[in-house]
Amino acid sequence: MTQTILILPTDGPGLYEFTAAAEAFVREAGVASGLLTLFCQHTSCSLTVQENADPDVQVDLQNFFARLVPDGDAASMRWMIHTAEGPDDMPAHIKTALTQTHLSVPVMKSRLALGTWQGIYLFEHRTRPHQRRVVLHLS
Amino acid sequence: MTQTILILPTDGPGLYEFTAAAEAFVREAGVASGLLTLFCQHTSCSLTVQENADPDVQVDLQNFFARLVPDGDAASMRWMIHTAEGPDDMPAHIKTALTQTHLSVPVMKSRLALGTWQGIYLFEHRTRPHQRRVVLHLS
Amino acid sequence: MTQTILILPTDGPGLYEFTAAAEAFVREAGVASGLLTLFCQHTSCSLTVQENADPDVQVDLQNFFARLVPDGDAASMRWMIHTAEGPDDMPAHIKTALTQTHLSVPVMKSRLALGTWQGIYLFEHRTRPHQRRVVLHLS
């Protein structure tokens, strides 16, 4: 069993791929078969596995969530009461609930068993820059 | 490896925190490093990691889902066909699909590696009181 | 630790139950207590645990997602830019992000610790037939 914490800087809403960092952790552990679990220590950003071929997918994905859960100063979201931390905070919590706080990916033949077009992403929902923490646990 | 089943009573829609019960299970197991998996044995309530600082977050979260998936007797949801178990049943299945049936949280230094503001919640989607079962698996 | 890859054929949008295949894998492994992780190697279909009693639940679930994320040629979704792979492709990625790419289910007394009405489903979001790959990892 091996564990570490990745620090991922973000600079506004969007998907930040960190597949390479996760793969490097698995490679250094030297494990042939196992399970990598990734856990995001925040409630205003999340994790997702998405296509890493066409970057337009990431743009559309972010736009879908921005339309489904517009910032709290939008007319459609004026019912929100948790607004003290800014109009992008409560929508960030909701987007996190709609996606994942953790992922688990099997390791086969010493590599993450991702599909051909799959990448691992941090999905940032807040406007301001952040340093995000993701725990990696390999067993 | 240690396993148990928590019974969590609920009394209508909303988020029910049970972080303390999960932490107690980890503490009693006496494990320094590991992975706690929580599995909800129902399809009309779910699990989520959310902010445990301002309770308004929980109110807004519940309201968002109630607006996105209103009960089946709402004009906007009259297309539903699974209505025999009440107007809140099919929306509960949908809200479950949109959130999580299971969570995995690493254990580091004998404690759950939750972020500063993270709590573990059962998200009840049904109106009537229930006894909910969550399997805890620590490895 | 045991691993395998299931190949699941799909024939258009909908939920495809494969609980029996997952249970057979656990049974053949002969493990009394453990954790089964299921990982979907695609970004246009996903995994979900849902009710396996009334098939109407699956119809309503699929219809909800089709209404929330209509195909990209619907007037409401003309803002999408990732359209080269067809009008059902980007919506499939979004529906995947809104559901799960992986699941973990504890094994107790040599059986998956599913609730009475729970089944494990592949949720296909694409129109054309596919062969889908799901990695099973038991530890």
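Buried means under 20% relative accessible area, exposed over 50%, and partly exposed in between, using a 1.4 Å probe and protein chains only. This is a predicted model: local features need pLDDT of at least 70, side-chain atom pairs count only at pLDDT 80 or more, and totals for chains, interfaces and linings use all residues. Side-chain values use heavy atoms, without hydrogens and water; residues are numbered from 1 along each chain as its sequence is written, and chains are lettered from A in the order in which they are written.

**Salt bridges overall**
- A salt bridge is a side-chain nitrogen of Lys or Arg within 4 Å of a carboxyl oxygen of Asp or Glu.
- The count over all chains is 12 salt bridges.

**Chain B**
- B:R111 and B:E23 form a salt bridge, 3.7 Å from N to O.
- B:R111 lies in strand β6 (residues 111-112) and B:E23 in helix α1 (residues 19-29), so the pair ties together parts that are 88 residues apart in sequence.
- Helices (H or I, at least four residues) and strands (E, at least two) are DSSP runs, numbered from the N terminus.
- B:R111 is exposed at 55% relative accessibility, while B:E23 is partly exposed at 24%.

**Chain C**
- C:R111 pairs with C:E23 in a salt bridge, with the closest N and O atoms 3.8 Å apart.
- C:R111 sits in strand β6 and C:E23 in helix α1 of chain C.
- C:R111 is exposed at 54%, and C:E23 is partly exposed at 25%.

**Chain A**
- Salt bridges that share partners join A:D88, A:D89 and A:R126 into one network.
- A:R132 and A:E124 also meet in a salt bridge, at 2.8 Å from N to O.
- A:R132 is buried at 3% relative accessible area, and A:E124 is buried at 0%.
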